[in-house]
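Please brief me on this structure.

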Amino acid sequence: EPLLVLRDVHRHYGTGDTTVRVLEAANLSVNGGELVALVAPSGAGKSTLLHLSGLLESPQSGEVEIMGIKTSKLGDRGRTQLRRSTVGYVYQFHHLLPEFTALENVSMPQMIAGKSPDEAKGRSMELLDLLGIAARASHRPAELSGGEQQRVAIARAAANHPKVILADEPTGNLDPETSDIVFEALQSLIRVEGAAALIATHNHELARRANRIVTLRGGLVVDHQL
Ligand code: ADP
Ligand code: ADP
């Protein structure tokens with residue numbers, strides 16, 4: 001079933017002559033277990049679409065639904081709460097905490113969410129294992145390769161069982177071979193967790209492996225063939 005739905009979403013910035021219309025009646029629906037690649041030129045609105053999907057920004061009109069919850073009716077606190085409990089975010093640069101190990105980085109959001117240390121550790125090891133980096137659990141970010149760092153960041157994003165996983169150029173910083181490994185890890189995670197994933201990428205080879213490719217044209221989200 002669709003876990004992320006954007007319905008007739010309008011989003012513009014500025015007013016009058018300087019208005020930038022980014023999304024005009026944009027529609028998108030992503031099912032659980034589905035990975036959708038978002039491929040579009042710089043400035044087309046990829047970050048805007050990710051921010052709206054992650055409830056960091058609100059549309060001027062239209063609806064963003066996560067797990068069937070209509071978010072336009074929520075206040076700031078409700079949106080923040082829903083984001084924390086349902087959305088996982090992966091950046092182009094990993095943003096791991098340098099003084100903590102991989103295991104601790106993945107455990108952190110779980111501890112903040114109120115899990116016991118043992119519970120958090122168990123979940124973290126499960127994820128590191130799934131992503132092929134269990135042997136690196138006690139390493140700090142500086143002791144990990146770029147691909148390993150990014151897989152730790154993916155594990156951290158997935159730590160609290162998000163239903164929606166958003167990623168902005170998650171392999172933008174990696175060589176092709178490492179990108180492959182990281183993308184495959186992300187795919188298996190999404191399959192196992194049954195989350196809906198929207199991944200912005202410039203990497204056409206990787207995008208081809210997604211369940212679906214979309215782009216932005218004239219303020220709409222449209223299906224895309226590479
Ligand atoms: P992308 O991620 O595809 O590069 P963005 O979503 O960042 O595109 O931006 C889409 C358009 O909206 C760009 O023209 C950008 O300049 C404009 N834009 C984005 N955020 C803002 C903002 N906060 N204020 C004004 N314009 C913005
Ligand atoms: P930025 O890197 O754009 O400055 P912030 O630091 O403002 O992002 O992000 C604040 C919080 O929101 C972080 O916990 C981050 O994980 C999360 N986050 C960032 N972008 C998104 C998004 N599009 N959807 C959901 N959560 C996001």
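The briefing below goes by topic.

This is a predicted model, in which local features need pLDDT of at least 70, side-chain atom pairs count only at pLDDT 80 or more, and totals for chains, interfaces and linings use all residues. Residues are numbered from 1 along each chain as its sequence is written, chains are lettered from A and ligands numbered from 1 in the order in which they are written, and side-chain values use heavy atoms, with hydrogens and water left out. Helices (H or I, at least four residues) and strands (E, at least two) are DSSP runs, numbered from the N terminus.

**Annotated span**

- UniProt, in an unreviewed entry, places the feature "domain: ABC transporter" at residues 4-226.
- UniProt positions are given in the numbering used here, feature names are shortened, and annotations may be inferred rather than shown by experiment.
- Residues 4-226 are 35% helix and 26% strand.
- The end C-alpha atoms of that span lie 24 Å apart.

**Helix H3 and its cover**

- Helix H3 spans residues 102-112.
- Its buried residues (under 20% relative accessible area; exposed is over 50%, partly exposed in between; 1.4 Å probe, protein chains only) are Ala102, Leu103, Asn105, Val106, Ser107 and Gln110.
- H4 and H5 are among the elements that cover these buried residues.

**H3 against H5**

- H3 and H5 pack at an angle of about 25 degrees, and their axes are 8 Å apart.
- Axes are lines fitted to C-alpha atoms, for helices over the stretch in contact, and angles run from 0 to 180 degrees between N-to-C directions.
- H3 and H5 are therefore roughly parallel to each other.
- Angles under 35 degrees count as roughly parallel, over 145 as roughly antiparallel, 65 to 115 as roughly perpendicular and the rest as oblique.
- On the H3 side, the meeting residues are Ala102, Asn105, Val106 and Pro109.
- On the H5 side, they are Val152, Ala155 and Arg156.
- By class, this contact of H3 with H5 has five nonpolar, one polar and one charged residues.
- Ala, Val, Leu, Ile, Met, Phe, Trp, Tyr, Cys and Pro count as nonpolar, Asp, Glu, Lys and Arg as charged, and the others, Gly among them, as polar.

**H4 against H5**

- Helix H4 (residues 117-130) packs on helix H5 (residues 146-158) at about 135 degrees, with axes 9 Å apart.
- H4 and H5 are therefore oblique to each other.
- Their crossing is right-handed.
- H4 contributes Arg123, Leu127 and Leu128 to the contact, and H5 contributes Val152, Ala155 and Ala158.
- The residues of this contact divide into five nonpolar, no polar and one charged.

**Ser124 in H4**

- Ser124 lies in helix H4.
- Ser124 is buried, with a relative accessible area of 0%.
- It touches (heavy atoms within 4.5 Å) Leu103, Val106, Ser107 and Gln110, not counting residues up to four places away in sequence.

- Most residues other than glycine have a negative phi.
- Asp8, in strand E1 (residues 2-13), has a positive phi of about 45 degrees.
- Asp8 counts as partly exposed, at 45% relative accessibility.
- Ala25, in strand E2 (residues 20-31), has a positive phi of about 60 degrees.
- Ala25 counts as partly exposed, at 26% relative accessibility.

**Gly33 in a loop**

- Gly33 is found in the loop between E2 and strand E3 (35-38).
- Gly33 counts as partly exposed, at 29% relative accessibility.
- Gly33 touches Ile190, Gly194, Ala195, Ala196 and Asn211, leaving out residues up to four places away in sequence.
- Gly33 and Thr71 are 38 residues apart in sequence, and their C-alpha atoms are 22 Å apart in space.

**His204 in H7**

- His204 lies in helix H7 (residues 204-207).
- His204 is partly exposed, with a relative accessible area of 38%.
- His204 is in contact with Val39 and Leu226, leaving aside its neighbours within four places in sequence.
- His204 and Ala37 are 167 residues apart along the chain, and their C-alpha atoms are separated by 9.4 Å.

Conventions. Left-handed = near helix turned anticlockwise from the far one by under 90°.
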